[in-house]
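Have the model open while you read.

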Amino acid sequence: KELHAFLRHILGATMTVDALSPALPQLQLAASNGIEKLLNASTARMEDICTDFTFDIAWRQIIGLKLNEIEALKFKKAVIDWISGFRSIRAMILPGSKSEKARHYIDSLILERIEELKRDGPDGSTLSAMVFASTEDEHGAHKKLNRQQILDNCVGMIFAGTETSASTLTTAMLFLGLRPNIWNKVVAEQQALVSKHGDNLTTEQLSSGCQYLEAVIMETMRLKPLALGLMRVAKDTLVIDGKQIPKGYSVMSSITLTHERDPITWKADGSHMDVRVGFQPERWLDKTTRPSQEYFPFGYGPHYCLGKNLAMMEMKVFLSLMARRVYFSLVNDYETSGWKEQSIIPKPADGCLVTARPRQNIMSGETGSVS
């Protein structure tokens, strides 16, 4: 427990909104690169655009690497191969698997960067913050993360900041394409920010000026959270619905089912979880309709995701710049697309195909998607 508390305390300090503020220019650069790719394509898969965006952040900001195009593709493939192992028990336990080799490669990049940072000093990356973070113990002595703790937590940050954020962004784009009226409200919110502050996007704007956009992201994660459950251990013997769970047994909670059964949002006909009619960001703007504490896409309690602030910042930056710069529309109908199987977070089977064109001037008051 002491070790866990120490790790949470020291890592938490590196992942506050203030601590992440210096990363904002890198996030905007990555988002701008993705939007440029989108606008240069006649038809684009948002899954590819969003995945490239989050991988860019992973190597550029989280680790602090300087990669050329070929090296960036190699890094992306390694992370995909590593994460794919989570879907296969065989890949997770057998030595020499593609997933294990990919993890060794990722580890080698991080360990090399740790040594460079110790030699050359801080560089503004998330990894750098972990290397130089310290706290005082009860005797006033400074404690720092050791090499293995830095490695493990950096790898965890890469997972949280790539696969999960990219999938949530892809699904959000599907939902917004299905509901142009909601997308128009996102655009209008960004119009107001540009009118008041100019084109520069700041941390303060993301924190206090994007309330509707944040509601869109929260609602996306309510409907389509992690497909995996959260593993815990039963402290005492429990009996649930006539089934006994002995003390010490592992228990997995279902985030999706918990969201579905939330008494505040629950409807007997299941419409509150329907992609078309259940997607209602406005519910987050009213205390009486806001989901209860049973909403936990980032986990719950002492194991709450430390990367939440980074993930939310990533998604807000990307969708903010999309709203400022892009008209888009879906290529396929939702009913014919379906959902991708074996995805850690549900996402459309077609990758959310869209057509897009540039928004000429957000100050003109233009809203809507591509007609």
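**Pockets, a helix pair and cavities**

1. Helices H3 (24-39), H4 (46-62) and H5 (69-84) each put at least two residues into the lining of the second largest pocket. Helices here are DSSP runs of H or I with at least four residues, strands are E runs of at least two, and both are numbered from the N terminus. H4 is the top contributor to this lining, with six residues.

2. A word on provenance: this is a predicted model, where local features need pLDDT of at least 70, side-chain atom pairs count only at pLDDT 80 or more, and totals for chains, interfaces and linings use all residues. Residues are numbered from 1 along each chain as its sequence is written, and side-chain values use heavy atoms, with hydrogens and water left out.

3. Back to the second largest pocket, which holds about 400 Å³ of space. (A pocket is an open set of points on a 1 Å grid over the protein atoms alone, with protein on both sides within 12 Å along at least five of seven lines; a cavity is a set where a 1.4 Å probe fits but cannot get out; lining residues have an atom within 4 Å of a point.) Its lining has 16 residues, and Lys37, Asp52, Glu69, Ala72 and Leu73 lie nearest the centre.

4. The largest pocket has a volume of about 1,100 Å³. Of its 36 lining residues, Gly156, Phe159, Ala160, His303 and Cys305 are the closest to the centre. H1 (2-14), H9 (147-178), strand E4 (230-233) and H14 (308-325) each supply at least two lining residues, and H9 gives the most, with nine.

5. How do H4 and H9 pack? Their angle is about 155 degrees and their axes are 8 Å apart, with axes fitted to C-alpha atoms over the stretch in contact and angles running from 0 to 180 degrees between N-to-C directions. The two helices are therefore roughly antiparallel, a label for angles over 145 degrees.

6. The largest has about 40 Å³ of space, and its lining includes Leu174, Tyr334 and Asp350.

Key
Points joined across faces, edges and corners; volume = space filled by probe spheres on them. Parallel < 35°, antiparallel > 145°, perpendicular 65-115°, else oblique.
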